[in-house]
Amino acid sequence: EASRDEPAGRIVIGLPPSMGRLLTVPLVEGFRRALPKARLAIVEGLSAHLAEWISTGRVDIGLLHNPEPQPALEVTPVLEEPLGLVSLAEKRGGKGAVRGAGKKVSPRDTATLKELTRLPLILPERSHAMRKLLETQAALSGHKLNVALEISSVQSILDLVRAGHGHALLTPSALAASGDAAAFRLRPLVEPRLTSTLCLAVSAHKPATPLSRHVFRMLRELVVAAGHAQKAPSHNKTR
């Protein structure tokens with residue numbers, strides 16, 4: 001009798017690659033403990049792709065970065081993170097060199113949009129939500145970004161930063177997902193301050209089920225916990 005109303009069935013979750021590295025293990029473990037009668041599938045993709053998959057029914061719940069308003073989606077903001085300039089951390093006895101970097105990176109703990117124009121940037125391609133945000137703000141401010149490389153994979157972007165090919169613009173959670181945040185220096189972007197909002201999205205036309213409601217709450221709690229974990233260790237900033 002107690003198990004009669006226990007959520008069952010199959011649910012598909014869509015995660016951006018950076019959040020996938022942070023959330024997949026705790027999500028699977030929590031799902032198996034709380035929902036033994038249900039089945040979980042996880043797919044990864046860029047926010048634009050996930051939005052399309054939710055609209056067409058391929059994905060039930062997705063995590064999207066800065067989703068554009070559209071009638072087919074019901075969106076709930078869950079985490080706002082600052083965008084920051086990611087550079088190779090300075091090494092003891094030397095500095096992390098960047099090929100073709102031009103002017104040196106400021107020793108300040110923050111970065112400005114004007115400073116970005118003097119640095120070679122490794123950014124996602126133009127359809128990426130974060131790239132659109134940066135390009136729009138740069139245009140409004142009368143600046144032009146120096147895009148050295150266009151790479152969609154966050155891990156590949158960080159590999160290129162590590163190899164000295166430029167700098168990146170990422171959130172703290174994306175850097176933490178790399179598993180080697182200490183190798184980089186992250187400086188929040190100010191003047192202007194830019195943030196990336198992570199949202200939970202579901203179909204606006206598909207009725208919620210006991211299983212989808214349970215997983216929605218579970219995923220929201222995991223994302224919020226991940227956000228708190230990035231804010232807590234303020235001494236982790238690499239200088």
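Before I start, residues are numbered from 1 along each chain as its sequence is written, and side-chain values use heavy atoms, with hydrogens and water left out. Since the model is predicted, local features need pLDDT of at least 70, side-chain atom pairs count only at pLDDT 80 or more, and totals for chains, interfaces and linings use all residues.

I call it a salt bridge when a side-chain nitrogen of Lys or Arg is within 4 Å of a carboxyl oxygen of Asp or Glu. That rule gives seven salt bridges.

Let's begin with Arg187 and Glu115, whose closest N and O atoms are 2.7 Å apart. Arg187 sits in strand β10 (residues 184–190) and Glu115 in helix α3 (residues 113–116), so this pair ties together parts 72 residues apart in sequence. For elements, helices (H or I, at least four residues) and strands (E, at least two) are DSSP runs, numbered from the N terminus. Both Arg187 and Glu115 are buried; buried means under 20% relative accessible area, exposed over 50%, and partly exposed in between, with a 1.4 Å probe and protein chains only.

Next, Glu150 pairs with Arg131, at 2.8 Å between the closest N and O atoms. Because Glu150 is in strand β8 (residues 147–150) and Arg131 in helix α4 (residues 129–141), the pair links parts 19 residues apart in sequence. Here Arg131 is buried at 1% relative accessible area, while Glu150 is partly exposed at 46%.

And which residues join these two in a network? Arg126 and Glu135 are linked with Arg131 and Glu150 by salt bridges.
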